[in-house]
Amino acid sequence: MKKFIYTLSALLTLNMVSSCKKFVDINTNPNAPTSVDAASLLPPIEAGMARGIWYDSRYIGQYAQIWGSSGANNVWDEEGYAPGTDSNGEMWRTIYFSLGQNVTLMMADATAHNKLEYLGVCYALRAWGWQNGADIYNYMIVNEAYDPTKLTFDYDPPQAVYAEAVKDCRLALQYFNQAIKTDGINGVSATLAKGDYMYYGDRSKWIKFVYSILAQNALHFSNKSTFSADSVAKFVDLSFASNADNASVQCTATGSTDANFWGPTRGNLASFRQSDYIVKLLDGRILAGTAAQDTLADPRLPLLLNRSKDRAYRGVIPPLGDINSADANTLIPAFAGATTANAATTGKYLFNDNSRGVLMTYPVLQFMKAEALYKKGDMSGAYTAYINGVTKALDFASNPPIGSSLTGTQNYISAAAQNKYLTGPSVRQLSATLKLSDILQQKFIALFLWNPIEAWSDERRYGYDATIFQGFIKPGTLYPDNAGKQVYVVRPRYNSEYIWNVPALQAIGALAPDYHTTKPYFILP
């Protein structure tokens, strides 16, 4: 991995939220980073978090079958990869570059000036990076990652990466609690608000965000003998209390560089089409068990997806692409945020230019708790969390975060429509009828668009089990290097690792053609 000695300057011109811009990586002397105020460093770092999720979601969304390519035989629909490119390597860049030494510089300033809350943020950012990186890549560079004396780096085993995430979460909580004890502020701090475009300086929400990382970490070990459902439930309860606590990054949308990745200005989904799986989850054929498509089955359907001119909703089955592309009446339209002739030009859901970059939500955490308690055998607790998840997922879709607001006020879905869904056949009405597939597929809907990475983690934890993910169809053609196996990890970033760090790749087997089919540590017993 290239030496990541970067700092930030020229940040005085940073507008209110360069949070959706590529952060500035200018340095007068990369071997002697200048001191930069923590409040100036935080906005572009938060921007990098959203960027990392956005960019790689395009490819991982194909693995998870949230969407697929409009054309046939796309390598990502075949669960393959693009050799010799950085495609699907953005999260690697985020962890080691967008965060990287910039977080280290934040720590230096925070330590020198006793900014305890910023130290809390720094460790929360590190923890978020390690958790997501381990889920995606398995092996990561931790111990040597920010050593300025090294040009090549050894990988640490995945269990060490997850342990680092937990350690950093604990440190984050420690510093936030110290800050609160020092000045008595358990809410918005004016000092932290200067640079924070995620929670605008609210310490209590940052603490909840840290607990959301711990909940995700604990849940992902569900296949291991050490798995603790009670730990997952505890962390969820200490985390978000409602959608008002959701973690998201503001986008100012003054132009394409600071607009939401999924908005019409950027049009990043123009070549993608909704999957057959997500269509069937929303049109009643899976959750309600209807034989034919019911376009009124889920009030989120017209918000999340688009229908063909003949009024039917269709989706791609990988790797076939849109088999109706030549028929203007039945072809699958592009997403709302695309800018093609077949797409809506106005945004909806999270497809607006100033929609926020979402990192975690209350309903998804509730589904995590529901799954954990279901596995424990606490059906009453699981059902309560499941209903909370479905209820607040509807509310999230109805009032998605936008601009400077953590929750919107759009009311896309009426209270009556939400109640009809909650009391209808797509939602289990008794704890005795609740199945694991109900929990995980409602979670899949709740994750739609903003985080395919977590959806893919769920599918991998259960080995792509079609009895749980009932609409997921193994691609009819897999990428040749897969040797018939499905994808389980993403290869490290090409331009840092496969050019500069080959011996380390060799040591973990990442030079093998089928390395991306290796089952990661977190899903193993």
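A residue is called buried when its relative accessible area is under 20%, exposed when that area is over 50%, and partly exposed in between, using a 1.4 Å probe and protein chains only. The model is predicted, so local features need pLDDT of at least 70 and side-chain atom pairs count only at pLDDT 80 or more, while totals for chains, interfaces and linings use all residues. Residues are numbered from 1 along each chain as its sequence is written, and side-chain values use heavy atoms, with hydrogens and water left out.

We can begin with helix α7, which covers residues 229-238. Helices here are DSSP runs of H or I with at least four residues, strands are runs of E with at least two, and both are numbered from the N terminus. Which residues of α7 are buried? They are A229, V232, A233, F235 and V236. Seen down the axis of α7, these buried residues fall within an arc of 165°, so they line one face of the helix; the arc is that of the directions from the helix axis to the C-beta atoms.

D237 has a relative accessible area of 51%, and it forms a salt bridge with K369, the closest N and O atoms being 2.8 Å apart. A salt bridge is a side-chain nitrogen of Lys or Arg within 4 Å of a carboxyl oxygen of Asp or Glu. D237 lies in helix α7 and K369 in helix α10, so the pair ties together parts that are 132 residues apart in sequence. K369 counts as buried, at 17% relative accessibility.

How many salt bridges does the structure hold? There are 23. In another of them, the side chains of D245 and K205 meet at 2.8 Å, N to O. This pair links distant parts of the chain, with D245 in the loop between α7 and β2 (247-249) and K205 in helix α6, 40 residues apart. D245 is buried at 4% relative accessibility, and K205 is buried too, with a relative accessible area of 15%.

A further salt bridge joins the side chains of D514 and K485 at 2.6 Å, N to O. Because D514 lies in the segment after α16 (502-508) and K485 in the loop between α14 (452-461) and α15 (494-500), the pair ties together parts that are 29 residues apart in sequence. D514 is partly exposed at 24% relative accessibility, and K485 is partly exposed with a relative accessible area of 35%. Salt bridges also link E371, K443, E454, D458 and R461 in a network.

Now find A455, which sits in helix α14. Is A455 buried or exposed? At 2% relative accessibility, A455 counts as buried. Leaving aside neighbours within four places in sequence, A455 is in contact (heavy atoms within 4.5 Å) with A64, I66, F444 and L447. The C-alpha atoms of A455 and Y63 are separated by 9.6 Å, although these residues are 392 apart along the chain.

Last come the empty spaces. Rolling a probe the size of a water molecule over the atoms shows where empty space is left. On a 1 Å grid over the protein atoms alone, a cavity is a set of points where a 1.4 Å probe fits but cannot get out, and a pocket is an open set with protein on both sides within 12 Å along at least five of seven lines; lining residues have an atom within 4 Å of a point. Grid points are joined across faces, edges and corners, and a volume is the space filled by probe spheres set on the points.

The largest pocket has a volume of about 260 Å³. Its lining has 16 residues, of which L296, A297, D298, K420 and Y421 lie nearest the centre, and helix α12 (residues 415-422) gives the most, with three residues.
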